Amino acid sequence: MLTIKLNAVIDSNRQLHLQLPPDTPAGAAEVIVTVTPAPAAANAAPAGSLREFFAGLDADGRPRLSAQEVDRWIEDERNAWD
């Protein structure tokens, strides 16, 4: 299998035109197109603030661990590696 990577432009008619290297063998081929998404507009609405994110975490009802519980959990994990 021969893989050729080319950069190309898709025109307004959604057509793609490629010029393959001269040593490319003739015959069947599989074409995979990877499109880079357009950058988000500068005036797009933000995804949300960290405050909103943490408020959502608090509202989900799951229990939270204290700092001491997290430290103990990490220590237990480290000890399990030995």
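## A tour of the predicted chain

Select α1 to begin: this helix is hardly covered, with a count of 0 buried residues among its 10 residues. Buried means under 20% relative accessible area, exposed over 50% and partly exposed in between, with a 1.4 Å probe and protein chains only. Helices (H or I, at least four residues) and strands (E, at least two) are DSSP runs numbered from the N terminus. The model is a predicted one, in which local features need pLDDT of at least 70 and side-chain atom pairs count only at pLDDT 80 or more, while totals for chains, interfaces and linings use all residues. Residues are numbered from 1 along each chain as its sequence is written, and side-chain values use heavy atoms, without hydrogens and water.

Now step just past α1 to glycine 61, where phi is positive at about 85°.

Go back to the segment before α1 and pick arginine 14. Arginine 14 also has a positive phi, about 60°, although it is not a glycine. Its relative accessibility is 68%, so arginine 14 counts as exposed.

Valine 31 is the next stop, also in the segment before α1 (50-59). Valine 31 counts as exposed because its relative accessibility is 60%.

Open the largest pocket next, which holds about 1,000 Å³ of space. Among its 26 lining residues, Ile4, Leu18, Glu30, Val31 and Ile32 are the closest to its centre. A pocket here is an open set of points on a 1 Å grid over the protein atoms alone, where a 1.4 Å probe fits, with protein on both sides within 12 Å along at least five of seven lines; lining residues have an atom within 4 Å of a point. The volume is the space filled by probe spheres set on the points, which are joined across faces, edges and corners.

Finally, show the whole protein chain: 2 helices and 0 strands. Of its 82 residues, 0% count as buried.
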